[in-house]
Structure formats: C-alpha cells, structure tokens
Amino acid sequence: MKAKREFKVIPRIPERLQPLKRMAYNVMFSWNSDIRDIFQRIDPKLWSESGNNPVLLMGLVDQDRLDELATDAGFLSQLEELAHRFDLYMKAPPQDVGKTTIAYFSAEFGLTTCVPIYSGGLGILAGDHLKSASDVNIPLVAVGLLYQEGYFQQYLNNDGWQMESYPANAFDTMPMTQVMDAKGQPIKIYVNFKGQNAAVYVWKVQVGRVPLYLLDTDIDENPPDIRGTTSQLYGGDREMRIRQEIVLGVGGIRALKAMGITPTVVHMNEGHSAFSALERINLLRKDYGLSFNAAREVVRGSTVFTTHTPVPAGNDTFAPDLARAYCEEYAKELGISWPVLLGYGRVNPRDDGEPFGVTPLSLRLSAHANGVSKLHGLVSRHMWQNIWPKTPVVDTPIDSVTNGIHTASWTSREIARLYSRYLGQDWYLEPDPSRIWDFARQIPLSELWRAHCHCRESLVAYARRAQFRQLKRHGATADVLQKSMELFSPDTLTIGFARRFATYKRATLLFSDPDRLARILNNPDKPVQIIIAGKAHPQDNEGKAFIKQIIHFSREERFNNRILFIENYNIYLASLLTAGCDVWLNNPRRPLEACGTSGMKALANGVLNLSVLDGWWDEGYDPQYGWAIGSGEEESNHQLQDVTESQALYNLLEHQVVPSFYNRTSDGIPVTWCDMMRNSIRDLVPRFCSHRMVTDYFERFYRQSSDRFNSLTRDNFAKASEQAAWCDKLMTSWNEISVLDLQSDPAQTKTVGESVSLKAKIALGNNLVPEDVTVDAYFGSIDHQGEFSNRETLIMTAASTEGPNVHIYEGQIPCNLPGRFGFTVRVTPSREKLGNPFVLGLVTWA
C-alpha cells in the first residue's frame, strides 16, 4: 500500500553549526580537503557510508551528536576559521563584473561522486571547467540536465560480461536545491515536443562561486514518455536524444531568462546544446522584434563552440524526418523555412540525403570554435573543412584550446601537502599557474617518493577490498576471499589503465602477446602488476568483449595476482588510480584521442605517463617526463599498427620502464624515476591544468565575444541590424570580386633580411568598398609541387584607386628564413566587422 502523503524528518542544526549547511550545499568540498575534514569529524563512519556526501550525512547524523558538537570548543574553533575563509572566497568580486556573463552548456558534469550525472571525460572536463572558473573567478553560470538515473552502475557477470543497473538518484539527499521564483514557487519553463508542451523544473548545484542549473522533466504534469526525457544520460533512442538536446538547448536558455540571467557569451561544450543558439535567436526576435538575420549576428558573434569528437560518427545527427517532426514548427517561430534551418545543420546544405547534424549547426552559429588539443584541432579542421569548401584546411575556422584538469580536485592528500609546503598554502588558487610551479624543483626527491608510496599503499588496500567484494558477489569460497585480501603488493611497480572502453582506445593492446606479457609481469626480481577499470557504453558490444577478454586473461594462472579489473569506474576510483599507480598507460589509435585528460590527473600526482603520441601527450611528451609508444605514426593498416605498437610497448617496459623503477639507491629511492616525477610536475602541471585552460578561453574567446555582444546590442540593436544588412550585401555582391592583377619585385632571389613588394589590383564590384573586405598576402614555404607546407598572412593596404571600383593593394613580405617560398593574395570579409571572417564561406583567391 502506498502512503497517501509523505513527510521528512531531519536533524535540527544548532545555530552555531549553521555554517555547515552553507558548505554542505556547495561542492567546493570536492576540492577543499579542510571542508571534507570537518564533515568527517562529525561522524567518520557515517561520512564513509554516505559516500562523502555532506548533505546526506547532515540528514542522518544523530541529533545528540550535533548538540554535542555545538558545545565542543575545538570543533567550533575549527568551524569558525573554515567558515571565515569560505565566506571570503565566496564574496570576492568576479573579473569583468557587469560586462560579461558566460553561460556554459554541457550534457554532463562530473563534479563529485555523490552527484552522479556524468559518464566520462566530457563530463569530468566540464566539471573541472566550472571549478577553475570559480577559482579564477570569472563570471560564469552553467546549464545541464538532471538525470534521475544518471549513467549506469557497472557490474560483471561470472563470465566477465558487463551488466548495467540504473539506481534512481534521490535529489533531496544530494548537494542541490530546487530553484524558486520570488513567490516561493518552483521555477518552471516549457519546451515543445511535436506540438506537445513539456514542463521542466530547474535545480541548482553551487560549484564554488559558480551556479550550475540542471533541468528536470520528471514532473507529474508530464506524460510518462516526456517525464522520462531526463531519466538517463546517453540512454534511449534517437528520438530520446533529440528531446534531451531540445531540453538542454531551448530549455536552458528559457530557464536562464526565467531567472533573470542574460548571458553575453554562450559556450557550447559539444554539439548537444546546439539548440541554445537557435533559442537565443528566437528570444531576440520575440523580445526585441529583430529579424532572423540581425538576431543571428548577435548570437553568432557571442557564441563559443568546443568539439570533442575526432570521428564523424561520434557527432550527433538526426534523420531529416525526425528533425522535421521536432523542429519544423520551431523554424516558423524563428522566421525561416524548414529547408533553411535544415541547411544550417548540414555540411552541404544542398544534399537532400544528408541528416541534420548538431556539429555543423554549432559551427555555423559560432564566432569561435575549437578542438581540445593542438592535434585534435588539426583533425577537426580536416573533418569539417567541407563546410567552408573554398577555404584551405589550415584556414578552416576551428582553433584549439588544450584541455586541462582541476589540479586541486585530482591531487592526493599526500601530494597536496607537499605542494602546500613548497609552493605555498594557496597554490591551488593561483590564477596564473606558471608563476608558482617552478617552486616544485624544491621538493626533495625522498619526500616525493614517500608521499607517492603512501598513495600506492592506499590504492592496493582499496584494490584488495574491491576484489573481495567482487568475488563475494560471485559466490567465492572463504579461502578464495581470504587470499584476495593479500592480493598485489604495495611495493610492486603498478601500471594503471582506466578509461571508457571505446574500441579505438585499444584496451587489449597490452595483451597482444600474452607470453611476453607474462614474462614481464612475473620477473622474480622486478615484478609488475596492472590495475584496469572502465565502462563500455551499454550498446557497445565490442567494448564489452574487450572487458570480458581482460577478465579471462586475469583468471589464468600465470596472471594470478598480477592483473585486476575493478568494476564501476567513477570519480573516486579515478582519484585513487591516478595517484597510486606508478605508470599511467594510454594507447589509443592515433589521432582518435581528442585529448585524454586522465593522464593529466596522473601527472598532477607525479605518476609517469607511458602513452601513444596522441591528444595532450603529443604536446607534453619529452623523455624527461615519461615515455612515448611509437613516433606519432598514423597507419591505415590497423592490424600492422597494433602489432608494431604492442611490440614497442613491450620493449619500453622491458628495457626502460621496469629497470628504471627498480634502480634504487642504498636508501631505496629510484632517483632517476623520482627526478622524472619532479620534472613533469614542475613543467607540465601548469601547462595542463584547467586554470590555464579557462584563462585561455577567457582571454582568447569570452572577452571578445562579450564585447561583440555588448556592441551589437547597444542602441536598441542598431549595430546588429546594420551588420545583418552588411552580411546580406556581401552575400549578394561577393561574386563581383576578382583579383585582376598581381605584381611583385622582378628579382626571383632575395637574401635574408630583404622583403618582397606586392601590388594587387582588385575589383570590388558596384556595391562593395575597401572597408568591406580584408586583403591578405598569403605566403610561406612550398613543396616540390608548389603547395604551401606552412603559411603566414599579412594584411595589405588599400593604397590607391584605378578606375571605377578597382583598388590597388600593397604589401611587403619579409624574408626571414632561407628556402623556397611562394605567395598569393586572398580576399575575405572585413575582419574588423566580422569576428570570424570565414563563417560566411566567402573567399576570393588570386
């Protein structure tokens, strides 16, 4: 029988303990160990049982214990000091206050284990982005979805096959609150699914200084199929996916409006939130009477888009009929036809067979687009170059901002103590990380090694408990369970491999030659042990087969006590692994790893990377920091590539990694190894932290985008309407532009230090003037076929007029290096008037 009504009883928090409530509802506890310590002090056993969730802890703690703490002078003194520092942090005014408001959209956020609304790297990256935005103190809010069941919990059956369970989240016991309006009623907005309204509630998670707003369709007034829209992360079919993306994009912008928040910049973290750009256009039309084109210029000029997916199949697309069912009426609201909207979501708008893609839509409506490492930026430019077919790959308007990790969240307590001692107590708050990390050279190798050994001991202890639980669930005997508690050694070289089990990550590469691997692991003088973790997508049977294969290897006698797979990879397990392993292994198929931030987390703890030169490691690798598998080759013959790189991996382990680890001084310290640990911490942590990443976004993209938004919206959107009309003029008149003549110095040979004088005669047609265009000298070294192998550009000056509508442009190309060079001339829309001169797809070449 169900209860007619329900109510909840919670402990009464004494007045002197009220600061605990403020801190419990701010996930700053996930990166501030002092906050975690004070909650653990309340009830250590309950803290552990609650999953380090302070809200759940405060809801379960005994009332007598709270009353006791309210009179405990030592506890109150600790709480008062902590609350003072917390309040100072929260009250600091942000950068560019009043000028800039950034809204960061993502389908998932990995913040802490007790807020399970993430699946993997994309979500963890988004969570770290918010944490660093808080620490660096930029004016940012975030928008995501609140999943009732989140991502799945993983367990393996007796045969090693991955199974999934979906426990429901209890939002009232998590560090979040429902957002209310001025009358104390829940804020509720609506989106439309094929003519049917879907109600959406808004919840808030406070991430330091940054509010994260989460959208929830699990509302009684919604019918069951709509109610389940925010049930599972990456669950359901294509129709469920387009519904989720409408809620995130359209609903997210409407929720911000309902809360009185007008972003000057929207950052779309992957294409899942592409509809946010359309809804911003929609609101500008409804609220201010702008044309679609004028509203589009405002939105395009103030939108940032980050792509994370290096393969076309990984980008969300929807069949035209499905997209039409959900978006045709919406196109009418936008003031455009359905074919026009469909064209925005296609690489080739004229290809009737092409599906509607959120990545092309995002690219077309963004001033700034970027990949998440330098190599991934290059891959993305090749992938999406056909959106701008007249533009060379090198000029395709997709930049790169290499990802980073929130160092304070991923640094173990032991290593963090060293940083506090040698870098300063507030090392994790320094907005410019390059200023302090050079002090890491002062960390004594002996102290660094002891701290790391303690981390390895903690990992081995956890691995034993995890194996015990896994074996017990499968009905193991008491003898087997007892032996599991002696699994692994805290003194043995430990290799970690933990990540999503996508096939391109090649989780089984290490097992290509089991006999050779067994010899490496079972060396009596220099043993090696491997800990593996990770989830395959529920529909990825190939990834599940990889897990099963590893489980079967681990059960072979020769691998007994040498290989362990730990189930249900999550943030907590990741933090143990990236701190406690000695080597972090990563062997994706280059160039399919967009970035690979798990290696950065290992780096922050002094764990050495052993990786293919892909993603971030392609930028970070140097022999003084770790090891590279191969030399950056990209093979079309995957079987040959796997054989070659597996042998390279075994060679590195046998001849470099293992001997270096066991090469000890008389006091047991591997000096060469520890020197590599310290070098990598000193030089690479500041380069690959999210403080640097967020600052890059702010300085390179956010500030410019916000300035454009403020400029275009000033004086009742006068400049937006003016720019829309200007873009229309360009689109209709561009075919009249031609380069009539190109002249240069007659001398074919120059010496270093001289320059080449250029003069270009350009016809701009009847409607365009020099202020409408940018004319570039396009020059660089060339190969034997006359193709540019690299290029530079130099803006040419309109020097004179020759006849009606014909203009002479001049420039000087510097000769700084010897070699074989070439040049041409390029005409694009004015860079001063258009933030992204390539976005219109207009370019004319000599």
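This tour goes from one selection to the next through a predicted model and says what is found at each stop. Residues are numbered from 1 along each chain as its sequence is written, and side-chain values use heavy atoms, with hydrogens and water left out. Because the model is predicted, local features need pLDDT of at least 70 and side-chain atom pairs count only at pLDDT 80 or more, while totals for chains, interfaces and linings use all residues.

**The parallel sheet**

Begin by selecting the six strands that form an open sheet in the order β17-β16-β15-β18-β19-β20, with parallel pairing; strands here are DSSP runs of E with at least two residues, helices are runs of H or I with at least four, and both are numbered from the N terminus. Two strands pair if DSSP finds at least two bridges between them. The edges of this sheet are β17 (563-566) and β20 (626-629), each of which pairs on one side only. Neighbouring strands of the sheet are turned by 20 degrees against each other on average, with direction ignored; axes are lines fitted to C-alpha atoms, for helices over the stretch in contact, and angles run from 0 to 180 degrees between N-to-C directions.

Next, select residues 528-533, which make up strand β16 and pair with β17 in the parallel sense over four bridges; within this pair, Ile530 stands opposite Ile563 of β17. Contact here means heavy atoms within 4.5 Å. A further helix to display is α26 (residues 671-684), which lies across β15, β18, β19 (608-612) and β20 and runs at about 80 degrees to β19.

Staying by β18, select Pro591, which is in the loop between β18 and α23 (598-604). The peptide bond from Arg590 to Pro591 is cis, with omega near 10 degrees.

Now select α9 (residues 238-258) together with α10 (residues 275-288), whose axes come within 8 Å and cross at roughly 40 degrees. The two helices are therefore oblique to each other, since angles under 35 degrees count as roughly parallel, over 145 as roughly antiparallel, 65 to 115 as roughly perpendicular and the rest as oblique. To see the contact, show the side chains of α9 residues including Ile242, Glu245, Ile246 and Ile253, and of α10 residues including Phe275, Glu279, Arg280 and Leu283.

From α10, move on to α12 (residues 320-334), which packs against α10 at an angle of about 40 degrees, with the axes 9 Å apart; that makes this pair oblique as well. Here Phe275, Leu278, Glu279, Ile281, Asn282, Arg285 and Lys286 in α10 meet Cys327, Tyr330, Glu333 and Leu334 in α12.

The loop between β9 (265-269) and α10 holds His272. Is His272 buried or exposed? His272 is buried, with a relative accessible area of 11%, where buried means under 20% relative accessible area, exposed over 50% and partly exposed in between, with a 1.4 Å probe and protein chains only. Leaving aside neighbours within four places in sequence, His272 is in contact with Ala107, Leu122, Tyr234, Arg241, Glu245, Leu248 and Asp316.

Select Phe86 in helix α6 (residues 73-91), a buried residue with a relative accessible area of 7%. Beyond its neighbours within four places in sequence, Phe86 is in contact with Arg22, Met23, Asn26, Met28 and Ile35.

Then go to Leu768, in the loop between β22 (755-763) and β23 (773-781), which is buried with a relative accessible area of 3%. The C-alpha atoms of Leu768 and Leu730, 38 residues apart along the chain, are separated by 7.7 Å.

**Backbone details**

Most residues other than glycine have a negative phi, and most peptide bonds are trans. Select Asn52, in the loop between α3 (44-49) and α4 (54-60), which has a positive phi of about 55 degrees although it is not a glycine; at 28% relative accessibility, Asn52 counts as partly exposed. Asp715, in helix α27 (residues 690-733), also has a positive phi of about 55 degrees, and Asp715 is exposed, with a relative accessible area of 63%.

Finish with strands β25 (residues 797-801) and β26 (residues 806-814), which pair in the antiparallel sense over four bridges. Ser800 has Ile808 in β26 as its bridge partner, and in the hairpin, with four residues between the strands, Gly803 takes a positive phi near 80 degrees.
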